Amino acid sequence: MVEVGCWKGKSIAYLGVEIINSGKDIKVDAVDTWAEMESESYHKTDVYVKTNTLYQLFCSNISPVSKVVTPVRLSSLEAANQYADGSLDVVFIDACHEYDCVKKDIAAWLPKVKPNGYFAGHDYLWSSEDAVKRAVDESLSPISVTEGCWVYHKKG
Ligand SMILES: C[S@@+](CC[C@H](N)C(=O)[O-])C[C@H]1O[C@@H](n2cnc3c(N)ncnc32)[C@H](O)[C@@H]1O
């Protein structure tokens with residue numbers, strides 16, 4: 001699995017706990033730059049971004065689940081290039097929420113998902129100017145929406 005956009009590790013820490021509790025042989029890669037980005041307005045006031053210690057904070061926060069979580073410190077599009085097409089069971093997108101970013105993330109990561117795999121992301125219902133919803137609706141069909149997340153089941 002890959003999560004794209006991990007910030008301080010909250011969602012991937014939950015995921016890591018569920019993976020460990022499942023007893024299954026599942027690994028998740030955590031993709032983020034952990035660096036200040038123009039698209040992320042909340043970066044401007046965050047002390048960890050300002051002091052360039054965000055990555056250290058992430059690693060510390062996920063340390064209890066580090067045996068199943070591997071940080072990949074690259075931009076979304078750079079990271080997508082590291083994976084073979086059809087190699088991932090699940091990709092979850094929660095990175096830049098601007099329309100153009102989401103369109104590019106979908107185009108880059110969809111081919112990486114295996115047939116019968118799942119492609120999903122956060123903030124379908126709550127992004128500025130409905131950017132995530134518009135980008136997803138134009139790119140993927142059918143989707144389901146649960147807890148504000150969009151989910152696409154790639155056909156086999
Ligand atoms: C909304 S936060 C993720 C929150 C996280 N999933 C959670 O629930 O704890 C978005 C993250 O995406 C990262 N990000 C934004 N654009 C990115 C890009 N193009 N490539 C990689 N990471 C990006 C930001 O640095 C930020 O850490």
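Let me start with the residue classes: Ala, Val, Leu, Ile, Met, Phe, Trp, Tyr, Cys and Pro count as nonpolar, Asp, Glu, Lys and Arg as charged, and the others, Gly among them, as polar.

Some ground rules. This is a predicted model, where local features need pLDDT of at least 70, side-chain atom pairs count only at pLDDT 80 or more, and totals for chains, interfaces and linings use all residues. Numbering runs from 1 along each chain as its sequence is written, and side-chain values use heavy atoms, with hydrogens and water left out.

Next, polar contacts, meaning pairs of N or O atoms within 3.5 Å. A polar backbone atom of Ser76 is 2.8 Å from a ligand nitrogen. The side chain of Ser11 has an N or O atom 2.9 Å from a nitrogen of the ligand. At Trp7, a polar backbone atom is 3.2 Å from a ligand oxygen. Taken alone, the ligand exposes 600 Å², and the protein buries 87% of that; areas come from the Shrake-Rupley method with a 1.4 Å probe.

Where does the ligand sit? In the largest pocket: more than half of its atoms lie within 2 Å of the grid points. On a 1 Å grid over the protein atoms alone, a pocket is an open set with protein on both sides within 12 Å along at least five of seven lines, a cavity is a set of points where a 1.4 Å probe fits but cannot get out, and lining residues have an atom within 4 Å of a point.

That pocket holds about 1000 Å³ of space, a volume being the space filled by probe spheres set on the points. Of its 42 lining residues, Val4, Gly5, Asp94, Ala95 and His97 are closest to the centre. Elements giving two or more residues to the lining include strand S1 (2-4), helix H1 (10-22) and helix H5 (99-109). These are DSSP runs: helices (H or I) of at least four residues, strands (E) of at least two. The lining divides into 20 nonpolar, 12 polar and 10 charged residues.

On to cavities. There is 1 of 30 Å³ or more. Asp94, Ala95 and His97 are among the residues that line it.

Last, two backbone details. The Ser141 to Pro142 peptide bond is cis, with omega near -5 degrees. Pro142 is in the loop between helix H6 (131-139) and strand S6 (144-146). Trp34, a residue other than glycine, has a positive phi, near 50 degrees.

Technical notes: Polar contact = N/O pair within 3.5 Å; in protein donor to acceptor, adjacent residues only side chain to side chain.
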